[in-house]
Amino acid sequence: MTKPTKQPGRGAQRGPQKSKDSKESGEKIAAQNRAASFNYHILERMEAGLVLHGTEVKALREGKANIRDAYVDFKPSGPFLVNAHIAQYMPGGPWNHEPLGERKLLLHKREIHKFSVRTESKGLTVIPLRIYFRNGLAKVEIALAQGKKSWDRRQDERDKDARREADQALYRNRRR
């Protein structure tokens with residue numbers, strides 16, 4: 001009886017390898033702006049880093065944030081996330097943060113310039129779409145957006161209903 005030989009350069013295999021693109025690679029959503037696509041035409045998206053202090057990180061990890069009314073303001077010192085509500089972390093005590101404070105965004109100069117110039121034109125604004133953690137770092141997905149008129153919203157609702165009815169008809173037709 002022969003003994004199995006060990007292949008050089010191969011260690012013990014522990015099962016399937018996880019790819020870096022999987023959810024386990026560290027993307028956990030802390031807050032999401034679901035009303036953004038209803039209220040705005042999303043023109044362009046970008047990822048930015050988020051500067052957090054003290055208990056803000058722990059409150060975000062618990063998912064206690066609201067970015068529905070938030071927007072990005074471009075100041076001479078850089079871009080800031082304004083009006084984003086991150087609830088206080090209860091065990092934080094006297095070291096708690098201000099819930100509606102401005103939070104600095106981390107972007108390259110060319111990205112700041114690109115969005116700040118375009119927001120000066122009529123009807124465009126930069127809004128956050130979601131706050132999430134990727135590999136332990138807080139990130140914000142921001143978007144250049146144009147506000148929708150009321151008739152735009154009604155038309156989008158009609159389109160969504162028509163799409164839903166067509167999908168249901170196809171589903172029923174397949175089941176026969």
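Over the protein the mean pLDDT is 83, and 85% of the residues reach 70 or more. Residues 9–22 stay under 50, and for this stretch the model has two contacts beyond four places in sequence, a contact being heavy atoms within 4.5 Å. Where pLDDT is low, the predicted coordinates should not be read in detail. Residues are numbered from 1 along each chain as its sequence is written, and side-chain values use heavy atoms, with hydrogens and water left out. As the model is a predicted one, local features need pLDDT of at least 70 and side-chain atom pairs count only at pLDDT 80 or more, whereas totals for chains, interfaces and linings use all residues.

Seven strands form an open sheet with antiparallel pairing, in the order β1-β8-β9-β2-β7-β5-β4. Two strands are taken to pair if DSSP finds at least two bridges between them. The edges are β1 (27–32) and β4 (71–75), each of which pairs on one side only. With direction ignored, neighbouring strands of the sheet are turned by 40 degrees against each other on average; the axes are lines fitted to C-alpha atoms, for helices over the stretch in contact, and angles run from 0 to 180 degrees between N-to-C directions.

Five bridges link β1 and β8 in the antiparallel sense, and Q32 stands opposite R130 of β8. Between β8 and β9 there are 10 bridges, again antiparallel, with K139 in β9 as the bridge partner of Y132. β9 also pairs with β2 in the antiparallel sense, over nine bridges; in this pairing E47 faces E141 of β9. β2 is joined to β7 (residues 103–106) by two bridges, the strands running antiparallel, and L50 stands opposite L105 in β7.

A nonpolar core is defined as a set of buried Ala, Val, Leu, Ile, Met, Phe, Trp, Tyr and Cys residues joined through side-chain atoms within 4.5 Å. The largest such core has 26 residues, and those with the most contacts inside it are L50, L60, L81, L105, I131 and I142. Two or more residues each are given to this core by β1, β2 (40–50), α2, β8 (124–134) and β9 (137–147). Apart from neighbours within four places in sequence, L50 is in contact with L60, L81, R103, K104, L105, I131, A138 and V140. A second, separate core comprises five residues, among them A36, I127, A143 and A145.

E56 belongs to helix α2 (residues 56–61) and counts as buried, at 6% relative accessibility. A polar atom of the E56 side chain lies 2.7 Å from the backbone nitrogen of H53. This falls under the term polar contact, a pair of N or O atoms within 3.5 Å; within protein, one must be able to donate a hydrogen and the other to accept it, and residues adjacent in sequence count only if both atoms are side-chain atoms. Not counting residues up to four places away in sequence, E56 touches V51, I86, H97, E98 and R103.

Most residues other than glycine have a negative phi. N83, although not a glycine, has a positive phi of about 70 degrees. N83 lies in the loop between β5 and β6 (85–86) and is partly exposed, with a relative accessible area of 33%. N135 likewise is not a glycine and has a positive phi, of about 50 degrees. N135 is placed in the hairpin of β8 and β9, which has two residues between the strands, and counts as exposed at 58% relative accessibility.

Terms used
Helices (H or I, at least four residues) and strands (E, at least two) are DSSP runs, numbered from the N terminus. Buried means under 20% relative accessible area, exposed over 50%, partly exposed in between (1.4 Å probe, protein chains only). pLDDT is the predictor's confidence in each residue, from 0 to 100.
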